[in-house]
Amino acid sequence: MEAHALEQALRTHAGHFLCERINAPGQTREVAFRHVLAPPVPVELPADAGGLAGFYQRFGSVLLYHHEASGDAARFIAPVAGWPALGEGFEDWLAIGDEDDLPEWLDSALVVGEVPASGNYILVVTEGRHAGHVFEFDHDGFEFRERAADLFAYVADWLRPDGPMLVDMASHMRFVDGDPAVQWWIRELHDADGLRASTAVD
């Protein structure tokens, strides 16, 4: 998706999650979501750094499916100034893993985002045949999963989630905005464009 079109989509995409209270079947609520964009800031990035320069010329950061009361969100593409802290968290997981399982492209990858409240990270490869490609690191199983050809496509894909993507969101979002014992599981996503996704297993 072209940069301007993606920005417009992020600003206008709206909807809600239909949630069921955990350990209280039948008790439901609707949780509205929105995406939060920060304006770009001047940064020095090589033009060939996996297409990141183009993305950060348009966006300072992107927070997807944000719920203001709880602070929950599905994905966070961090500002460049936040990369070092994310990299340190990622390195902590690598320190307890098996070096033999690391992909060959990892030395040129930058940690540009995270799955909030999960310990999982979003990486972009900057060199070689995987340059520009977006991978997610899941510490549960120590897996690297390829998600998109570039960061624009990665963000655009999250605007049209399917069932498995919604399950992924539900795994880390509980919408706690008071009593921590009151937590919610996402059953469905409904957006203003008519998209519906469900966490139900067929």
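What follows is a walk through the structure above, from the whole fold down to single residues. This is a predicted model, where local features need pLDDT of at least 70, side-chain atom pairs count only at pLDDT 80 or more, and totals for chains, interfaces and linings use all residues. Residues are numbered from 1 along each chain as its sequence is written, and side-chain values use heavy atoms, with hydrogens and water left out.

Let's start with the whole thing. The protein has five helices and 10 strands, where helices (H or I, at least four residues) and strands (E, at least two) are DSSP runs numbered from the N terminus. Its radius of gyration is 17 Å, close to the 17 Å that the globule rule gives for 202 residues, so the protein is as compact as a globular protein of that length. Here the radius is taken over C-alpha atoms, and the globule rule is 2.2 Å times the number of residues to the power 0.38. Along its principal axes, the C-alpha trace spans about 50 × 40 × 35 Å. Of the 202 residues, 46% count as buried; buried means under 20% relative accessible area, exposed over 50%, and partly exposed in between, with a 1.4 Å probe and protein chains only. As for contacts (heavy atoms within 4.5 Å), residues 24 or more positions apart account for 55% of those with a separation of 6 or more.

Now for the inside. In soluble globular proteins, nonpolar side chains tend to be buried together. The largest nonpolar core here has 59 residues, and those with the most contacts inside it are Phe 17, Tyr 56, Leu 151 and Met 169. Such a core is a set of buried Ala, Val, Leu, Ile, Met, Phe, Trp, Tyr and Cys residues joined through side-chain atoms within 4.5 Å. Leaving aside neighbours within four places in sequence, Tyr 56 is in contact with Pro 40, Val 43, Leu 45, Ile 77, Ala 78, Pro 79, Val 80, Trp 83, Val 112 and Leu 151.

Leu 52 sits in helix 2 and counts as buried, at 0% relative accessibility. Apart from residues up to four places away in sequence, Leu 52 touches Leu 45, Trp 83, Leu 110, Val 112, Val 124 and Leu 151. Leu 52 and Val 125 are 73 residues apart in sequence, yet their C-alpha atoms are 9.7 Å apart in space.

Next, the helices. An α-helix has 3.6 residues a turn, so residues three or four places apart point the same way. In helix 1 (residues 3–12), Ala 3, Leu 6, Glu 7 and Leu 10 are buried. Seen down the axis, these buried residues fall within an arc of 100°, so they line one face of helix 1; the arc is that of the directions from the helix axis to the C-beta atoms. They pack against strand 2 (28–38), helix 2, strand 3 (61–66) and helix 4 (151–157).

Helix 3 (residues 83–95) buries Trp 83, Leu 86, Gly 87, Gly 89, Phe 90 and Leu 94. Down the axis of helix 3, the buried residues fall within an arc of 165°, so they too line one face. That side packs against helix 2 (52–58), strand 5 (109–115), strand 6 (120–125), strand 7 and strand 8 (143–148). The face turned away carries the exposed residues Pro 84, Ala 85, Glu 88, Asp 92 and Ala 95.

Two polar residues deserve a look as well. Asp 138 lies in strand 7 (residues 134–138) and counts as buried at 15% relative accessibility. A polar contact of 3.1 Å joins its side chain to that of Arg 145; the term means a pair of N or O atoms within 3.5 Å, where within protein one must be able to donate a hydrogen and the other to accept it, and residues adjacent in sequence count only if both atoms are side-chain atoms. His 190, in strand 9 (residues 184–191), is buried with a relative accessible area of 14%. The side chain of His 190 makes a polar contact with the side chain of Glu 188, at 2.6 Å.
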